[in-house]
Amino acid sequence: MRVPGKLWSVLGVVPLLLVLHWKHGAGSPLPITPVNATCATRHPCHSNLMNQIRNQLLQLNSSANALFILYYTAQGEPFPNNLDKLCSPNVTDFPPFHANGTEKARLVELYRIIAYLGASLGNITRDQKVLNPNALSLHSKLNATADVMRGLLSNVLCRLCSKYHVAHVDVAYGPDTSGKDVFQKKKLGCQLLGKYKQVIAMVAQAF
Amino acid sequence: MALFAVFQTSFLLALLSLRAYQSEVLVEPLPLTPESLNVSIDSAHQYLNLQWSVHSLAYYQELKMLFQIQISRMKTSNVIWVGNYSTVVKRDPVLHWSWKSELPLECATHFVRMRSRVDDAKIPEPRFWSNWSSWKEADAQKSLGRDPLFLFPKDKLVEEGSNVTICYMSRNQQDNISCYLEGQQIHGEQLDSNVSAFKLNKVSFIRKTGTNIFCKVDQKDVIKGIVLFVSKVLEEPKDFSCETQDFKTLTCTWDPGTDTSLPKRSSQSYTLFESFSGKKILCEHKNSCNWQVDSDSQEMYNFTLVAENALGNRSVSVLFSLTHRVHPKTPYNLFLKNVSGTKATVTWKVHPIGNYSTLLCQLDLLGEGNVIQQHNVSIKENGEYLLSELEPDTEYMARVRCADANHFWKWSGSISQKFITAEAAPSEALDVWRNVKSVSGRPTVTLFWKPLSKLHANGKILSYNVTVENLDRPSGLEVHSVPATANGTELTLDQDSYQIHVTALNSAGPSPASVIVVSGDPGNEEVEEERVNGTEDGFSVSWKPQSGKAIGYVVEWCDHPQDLPCDLQWKNLSSNTTSTVISSGAFRPGVRYNFRIYEISTERMAYLLEKKAGYLKELAPSDNPQVVVSNLTSHSFTLSWKDYSTDSQLGFIQGYYVYLRSKAEKECHPGFKKATLPDKSACCQHRIDNPEQKTFVMENLQPESVYEFLVTPYTSAGSGPLDAFTKVTTPDEYSHILIRIILPMIVCVLLIMITCYLKSQWMKEKCYPDIPDPYKSNVLSLIKSKENPHLTIMNVSDCVPDAIEVIHKPEGSKIQFLGASKSLTETEFTKPAYLYLLPAEKNYSGPGPCICFENLTYNEAAADSGSCGHFPVTPEALPGQPGPLTSPENLLKALEKNYMNSLGETAAGEASLNYVSQLASQMSGDKDSLPANPPEPVLCSEYKMQMAIPLGLASPPPAENSGLSSTTPLDQSEHYR
């Protein structure tokens, strides 16, 4: 099932709203919902939820490098030959992940990471449709990755809710790129996808 | 005087006050110095925006002023631009002016100052510049942050062909920075210790997604980049025009040219402005715009179309009268009525344009895509036209379009309708030709005809009717129907003359008949064939009229003479024609085409006039004839190629070249000349000019020499291939003599040998019989010659045994004998063999002489024994014989041994049979050769040896039995007594 790009457009706006309203929360995650908060899911969770989460992580991990390559190739020089300078995964406000934490803590961190990545992918997809309208395979890959992330986000939330009664996790998003110049948009997208490739490998291994 | 003084004082005071006023007005411009100058930076467009004010326009509502502006870069003394700005200044105005910088403003601090001057005619000269304002600084670097490197301008959009200046600014002067565009390093001008600028001249469009330009600091992980967007040049709209279809809407169209859209930059937009009405609309489409015509019937329109994008605009205008821009709508309801074979009526309708407008409609009739007829019809709403002169059974298309009849502007769209006219009877007779040949003695006529063209068929041909009428014996008509798919038929006739009518039938009726008369007599076929030359256009054939009563001529040929059928073609020619050019796309070089020219008599009978043969282009022969070598002698041989046909070659065979080469002979024979082959080897060439001469005798050759020859034909285009020479070796001079002697000898010897073999038995009997005939013995003649005339040879019939006495008959002997010699027939041993040899006649009662054989030929020892003994031979003696006794030699040896055994063993009394004779013969012969111990005969005083040969050992055939027995019956007159 494909979700229209409007959702991601909304997600692209969300960081701006966060910056406006939660100036201090844009870069740092907020605490999770207390244990005794009301938790209700719209649909019953799948019985084999963790397996699904693992499979989705593996799926993302298996396609992350291809997406990264597609992206920096589409940006043209100097990106393909200066990955260390332009696409290094030094995203400062990226949500942390601790592989040795409890399952609950790992799921919460995973939720924040996927939420962050989902929003950033929305920005990248929006930018690339304007900047590289003919890079159809890149658009397709970005959309496919975003689709899997949405499903993963839903599953993680379901797991948190059903097992740990966590109904809400405060999340943070990356910087909005809409006001940046084109070269900066390309660079930020490349850095984000480089980070994504790095993080998703670690997360997939942790689960 | 006092009054004068008062008047003078008043005048001076008035004058003073007037001057004071005037001086006050004249010095007023000095306070018009620009004040409150403010400079800001528009980074997006690289503008320096200036804002200032002018005060103290005390006495004027407005004043035209001129402002001089100075702009410096980096430092105030570095003035890079000076310019004037003229404007009308109103009371207490705030003035604005912008300056576009080529260099990105972020890369350098700019300084601005200005001064002003009244430039209004209301103020008399002289006019003075005001003082300069103070320098105002515009510095964008302060807000850049602390990044080590900056590159400007960001996301610059320029039009293709324009110039762009790029700059970078480094925080560290020590950094070594290099910049690249599309992978190529670019070099710029250093403006400052940490600022460099790159000027890109006439940038070209590379891609819509922009071009990355980046700079990197060597030895550091710092890369900064910008994207430069170069758009296509905005073109002026082409073919801009407006028209109306209904006087309600004007539709303006144009060709927008190249799309200038870029990412984040939309394509150019179009605005339509009409100057008379002052109305303006933004067009929704890139190539068209609809303008609503006002009801007050504005007659003239002046439209301006403006194309605009982020970088500029282009415009184009058109002025026209509305009534001259009428483009009617496409007609509708086009129908064909009353369609016959040659006529049809077309009707159509148009959309009305106003109440008084008349439309001019153009009706086209198209056949096979071409306009055949064109008619103009003026109508209001309904159109109708009768099309005539149509061809039957033909598909046409009627097409209608209309335009304003008063002011032609454009044709409307077209409406068309296909229709097919009805069929009519074929309008022309078939082109018929015939070929008469004799099959099994009966003339067979093959009729050919060419299918009617679509123009003349007037419909689908259903069949052909062939009507045969006997002219010699009127007996009614014979009608044959031939299917439409056939282009001919075959008729078997007799020797009479026949008139044949051929017609083509379609649904509307038959065509006019084509008449041809044929006769069983083929006429004069013995016409000498002439040659005709082919050209690129074909064959030019001419002939001489014979009778002078011809109604026409027919030239006949085959397009593919080497095929069967040969695709017979013919061409009809009028009676006054004596030449024509026969051309066909099937004609090929190297093919012989035969043309036959017939004269058509008034009776419509064809008579052969001439025969022609020719080649479109003669080619050199491709093959050489198969040459047979005969009559090979030591000095000559004959070449023959009689199977070579000169008629089916690639050109007219004019003769042959005979090539001869030999290693033994360096000189050519008489009649030959030296020639060089393509492989540069030399040989001798003889030319035969008669193509029908197909033999050639090579003479004057050397015996026992190898000659190579080649026979190749030649045409006007050249000779055949010179590749395959044939070797011939001449024999020596005596070989034929030897052959004449030795061969008959060999034959004779063979004959003799064969004869001897076939008559071997006869020869044996005659020359060396197993048992010689005593009468033929040389000994006999020798004896006779030795004065012994009474000496004769005993006849066996005279030797009558008295009896056969069986002394002992042991069973084992028989078995032993049979076991020893299995090759003998057992049944023949049931009786003792010797019983056959002895004429034991039971009834023989008379006394007979005692027979004594004297065989001097092979048993001289016995004969010379001088005594006649009785030595019975038993089968028991035979098993001692080694080997089979089948050959005569073995047999004789066996007999000889038996004989010797019998000499030695019979005395022991083991014999089972005794021959008893009561006759005694006279002793004769040489007693010296007698054995030492001759056996003593028991009963007969003088016995001679008599051998009994078992029948199986001798194995005489029945015929030889008689032969064998012939040795025993002796002539009575010559036997011994």
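In this predicted model, the largest nonpolar core comprises 61 residues, and those with the most contacts inside it are Ile53(A), Leu57(A), Leu160(A), Leu193(A) and Tyr196(A). Two or more residues each are given to this core by helices H2 (49-75), H4 (103-131), H5 (136-164) and H6 (182-206) of chain A, together with strand E16 (222-231) of chain B. H4(A) provides the largest share, 13 residues. Leu57(A) illustrates the packing: leaving aside neighbours within four places in sequence, Leu57(A) is in contact with Leu110(A), Leu152(A), Ile200(A), Val203(A), Ala204(A) and Phe207(A). A second, separate core has 30 residues, among them Val432(B), Leu447(B), Val554(B) and Ala606(B).

**Interface of chains A and B**

The size of an interface is often given as the accessible area lost when the parts come together. Here, chain A and chain B bury about 1400 Å² between them, with 60% of that area on carbon and sulfur atoms. Lys85(A), Val182(A) and Phe183(A) supply 36% of the area that chain A buries against chain B, more than any other three residues. In terms of contacts, 18 residues of chain A meet 17 residues of chain B.

On the side of chain A that touches chain B, the elements giving two or more residues are helix H3 (83-86), H4 and H6 of chain A. Of these, H6(A) gives the largest share, 5 residues. By class, this side of chain A has 8 nonpolar, 4 polar and 6 charged residues. The rule finds 1 salt bridge across the interface, and Lys154(B) pairs in a salt bridge with Asp181(A).

**Salt bridges**

Side chains of opposite charge can pair when their charged atoms come close. Over all chains, the structure holds 25 salt bridges; the table lists four of them, including the pair Lys154(B) and Asp181(A).

| Lys154(B) | Asp181(A) | 3.7 Å |

Glu102(B) is exposed, at 58% relative accessibility.

Because Arg399(B) belongs to strand E29 (residues 395-404) and Asp364(B) to strand E26 (residues 359-367) of chain B, the pair ties together parts that are 35 residues apart in sequence. Arg399(B) is partly exposed, with a relative accessible area of 26%, whereas Asp364(B) is buried at 2%. In chain A, salt bridges that share partners join Glu103(A), Arg159(A) and Lys163(A) into one network.

**Surroundings of Ala425(B)**

Ala425(B) lies in the loop between strand E30 (415-420) and strand E31 (431-439) of chain B. With a relative accessible area of 29%, Ala425(B) is partly exposed. Not counting residues up to four places away in sequence, Ala425(B) touches Ala457(B), Asn458(B), Asn506(B), Ala508(B), Gly509(B) and Pro510(B). Although Ala425(B) and Gly509(B) are 84 residues apart along the chain, their C-alpha atoms are separated by 4.6 Å.

Technical notes. Residues numbered from 1 in each chain as written. Chains lettered and ligands numbered in written order. Predicted model: local features only at pLDDT ≥ 70, side-chain atom pairs only at ≥ 80, totals over all residues. Heavy atoms only, no water. Core = buried A, V, L, I, M, F, W, Y, C linked by side-chain atoms within 4.5 Å. Buried < 20%, exposed > 50% of the residue type's maximum accessible area, 1.4 Å probe, protein only. Helix = DSSP H or I, 4+ residues; strand = E, 2+ residues; numbered from the N terminus. Contact = heavy atoms within 4.5 Å. Buried area = accessible area lost by both parts, 1.4 Å probe. Salt bridge = Lys/Arg side-chain N within 4 Å of Asp/Glu carboxyl O. Nonpolar A, V, L, I, M, F, W, Y, C, P; charged D, E, K, R; others polar.
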